[in-house]
Amino acid sequence: MKLNEIKDAKYYEGENKEIGIILFHAYTGSPNDVNLLARELNRSGYGVLCPKFEGHATKDVNDILDADITTWKQQALDAVEAMQGEYDRILVFGLSLGGIFATWLMTQPKFDVQGGGVFNSPVYTENPIDVEVHFTSYVKAIFKRFSSEDNYNQEIDGILTKHRDQMKQLEAFKSEFQGQLENIDQPFFIAQSGKDEMINEKDAEKLQNALVNAKVDFNWFPENTHVITVNRNRKDFEAALFDFITSFK
C-alpha cells in the first residue's frame, strides 16, 4: 500500500523520514477531527497521515452503519504499511474510536509500531460503549441538512437498530484484543478530559492499569471535553503530546 493509494486521507509530508505519525479520527467524524493537530505536528517537521474510516463524512448515515470493523481494521493496517514505506519509525494515535484501532495496532508486535496512544478513547471500559444519544443527534443533523424531518421520523428506528448492532461488533473487537494489552511494551500516551461528555473519564485509568508492560504517559485535562483535538483548551494537551513524541528523537 502506497500513501497515494490511501483514499480520502489528509497527508502532510515530513521534513525528514525519521518519524511518521498516524492520527485516526472519531466515530461519525473525519480527518478534520485531527487536522489542526496534524498541521501543528507537521510544522515541527513530522510526517503525518490522517486516514478516513470507510463510511464517514458522507451525506448518508447508513454509509457508516454499512461499514464494518474488519474494513476499518484493514484501513488501519494500510495506513501503517504506507507510512512504513516512507518513515523509519511509526507512531499511531487516535481520538475516541480511532484510539481503539491505534491500541489494537500496538498489541500486535508484527506491525512494528514504535509507540502511540489514545485521546478520550473507550478502549477498556467498565460498561459497553453507549453513544446512542450523541449518535441520534448526529443523525438528526444529517437529515436536517441533506434530507427531511419526515424521512428522519420514518428511518430513525431502523438506523438505531443498525447502530446498536455496530456497537456490539465494536465491543466484540475490543474483547478480542483486551487480553493482549500486556503485549504493549512501547511508550503509550493517554489523554483524558475531565469534562468528557461521551465516555466515562474514569475508564482511562482502567486502560492505564491494564498496560502492565508499557511505559504509560498519563495526562488528565480537567477542563477539556471529548473532542480534545479541536476544543479551545487544547494547548496543554498539545504540549503534553509534543513532549511525548519528542522523546522518540
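Mentor: Start at Thr-28, in the loop between strand E2 (19–24) and helix H1 (35–43). Helices (H or I, at least four residues) and strands (E, at least two) are DSSP runs, numbered from the N terminus. This is a predicted model, where local features need pLDDT of at least 70 and side-chain atom pairs pLDDT 80 or more, while totals for chains, interfaces and linings use all residues. Residues are numbered from 1 along each chain as its sequence is written, and side-chain values use heavy atoms, without hydrogens or water.

Thr-28 is not a glycine, yet its phi is positive, about 65°. Most residues other than glycine have a negative phi. Thr-28 is partly exposed because its relative accessibility is 25%; buried means under 20%, exposed over 50%, and partly exposed in between (1.4 Å probe, protein chains only).

Thr-28 also leads us to the largest pocket. Among its 20 lining residues, Tyr-27, Thr-28, Ser-96, Val-131 and Met-198 lie nearest the centre. A pocket is an open set of points on a 1 Å grid over the protein atoms alone, where a 1.4 Å probe fits, with protein on both sides within 12 Å along at least five of seven lines; lining residues have an atom within 4 Å of a point. The space in this pocket is about 260 Å³, counted as the volume filled by probe spheres set on the points, which are joined across faces, edges and corners.

Which helix gives the most to the lining? H5 does, with 3 residues. Helix H4 (97–107) and H6 each supply at least two, as does H5.

Now follow H5 itself. Its buried residues are Phe-135, Thr-136, Tyr-138, Val-139, Ile-142 and Phe-143. They sit on the same side of H5 because they cover an arc of only 160° around the axis, taken from the directions from the helix axis to the C-beta atoms. Val-133, Lys-144 and Arg-145 are exposed on the other side. The buried residues pack against helix H2 (62–66) and helix H6 (149–178).

Beyond its neighbours within four places in sequence, Val-139 is in contact (heavy atoms within 4.5 Å) with Val-61, Tyr-152, Ile-156 and Ile-159. In the largest nonpolar core, of 56 residues, Val-139 is one of those that touch the most other members, with Phe-24, Val-92 and Phe-188. Such a core is a set of buried Ala, Val, Leu, Ile, Met, Phe, Trp, Tyr and Cys residues joined through side-chain atoms within 4.5 Å.
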